[in-house]
Amino acid sequence: MPEDDLESLPGVGPATADKLVEAGFESYQSIAVASPSELSNTADVGESTSSDIIKAARKAADIGGFETGSMVLERRQQIGKLTWNIPGVDELLGGGLETQSITEVYGEFGAGKSQVTHQMAVNVQLPSEYGGLEGSCIFVDSEDTFRPERIDDMVRGLDDEVLQATMDHREIEGTPDDEDAMEELLSDVLDKIHVAKAFNSNHQILLAEKAKELARDHEDDEFPVRLLCVDSLTAHFRAEYVGRGQLAERQQKLNKHLHDLMRIGDLYNTVVLVTNQVASNPDSYFGDPTQPIGGNILGHTSTFRIYLRKSKGDKRIVRLVDAPNLADGESIMRVQDGGLKPE
């Protein structure tokens with residue numbers, strides 16, 4: 001949206017419009033879902049003026065009012081589903097990972113959390129008839145887990161039929177047996193994964209803002225951003241805020257960060273996939289003592305919570321712990337050289 005349009009909002013002159021655009025508030029919709037304090041700090045205006053700007057933006061964007069259940073159902077039909085390419089897991093998740101939602105995957109070290117993020121970075125680029133979203137991926141890496149070599153393995157691990165359809169969709173001449181064609185495909189897949197390493201929690205929060213700008217810039221591309229991965233969400237927060245004295249500050253920052261991620265999912269119809277570390281509860285005498293980090297803040301904000309658990313060999317148990325419209329349940333997958341595979 002041109003900057004001139006923002007100046008039609010009350011209290012927004014040329015200088016304020018420039019500040020808003022620079023901060024990523026380029027449309028009525030992005031302003032409409034902001035908080036007064038956030039807009040106040042960004043545009044250097046009072047909270048009262050910020051509230052007036054937001055109210056006008058909501059009216060202009062036709063956002064923020066009540067709607068009927070039928071309207072919600074119609075809007076939800078626009079939500080995409082990203083396949084795991086594992087029938088049991090896709091059935092467990094009602095078809096796959098939802099856009100406009102935060103899906104949290106947690107588990108102990110080696111359970112396969114990073115394997116899931118890598119596989120989804122490949123799957124999101126697949127043609128829609130094979131469960132993909134024909135989109136690109138943003139990968140925020142806080143634990144130095146991203147490996148392009150693993151993406152190579154997972155692309156080569158796809159079925160030949162899927163590979164051929166993916167090549168055809170990208171107008172790559174050749175077949176999966178043609179190494180030159182495969183190299184071209186692999187290069188194209190990697191080009192559509194935007195990776196940034198987060199060095200601390202503040203940098204991670206900044207990268208979420210940069211991710212929103214990137215999603216906006218690619219909104220009208222052939223491969224818009226349809227997946228945002230954060231691996232892991234809590235590592236830096238856990239390391240930097242130690243002890244009960246810093247717990248409130250940590251949770252406040254984590255809460256804001258999660259809402260920034262949620263906003264990207266809502267505005268750009270994107271799957272938000274975050275991994276989470278776990279801790280053992282020494283007071284637990286029965287059942288699994290493993291508990292995800294992040295407390296109620298993360299528990300309430302995540303739309304779907306998935307617990308990955310090691311099993312024999314390369315088997316992993318995928319347990320759906322929480323979902324608004326799905327029953328809890330389990331499925332089994334394998335982590336192999338060619339990626340995530342059915343049991």
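This is a predicted model: local features need pLDDT of at least 70, side-chain atom pairs count only at pLDDT 80 or more; totals for chains, interfaces and linings use all residues.
Residues are numbered from 1 along each chain as its sequence is written, and side-chain values use heavy atoms, without hydrogens and water.

I begin with strand E7, residues 271–276. Strands (E, at least two residues) and helices (H or I, at least four) are DSSP runs, numbered from the N terminus. Six of the six residues of E7 are buried, that is, under 20% relative accessible area with a 1.4 Å probe and protein chains only. Val-271, Leu-273 and Thr-275 point one way, Val-272, Val-274 and Asn-276 the other, and all are buried.

Which strands pair with E7? Pairing requires at least two DSSP bridges between two strands. Strand E3, residues 101–106, runs parallel to E7 and is joined to it by six bridges; here Val-105 has Thr-275 as its bridge partner. Strand E6, residues 225–231, also pairs with E7 in the parallel sense, over four bridges, and Cys-229 stands opposite Leu-273.

I turn now to the loops. The peptide bond from Asp-231 to Ser-232 is cis, with omega near 0°. Ser-232 lies between E6 and helix H13 (235–240).

Finally, Asn-85 is not a glycine, yet has a positive phi of about 60°. Asn-85 sits in the loop between strand E1 (81–82) and helix H7 (87–92). Its relative accessible area is 32%, which is partly exposed, the class between buried and exposed (over 50%).
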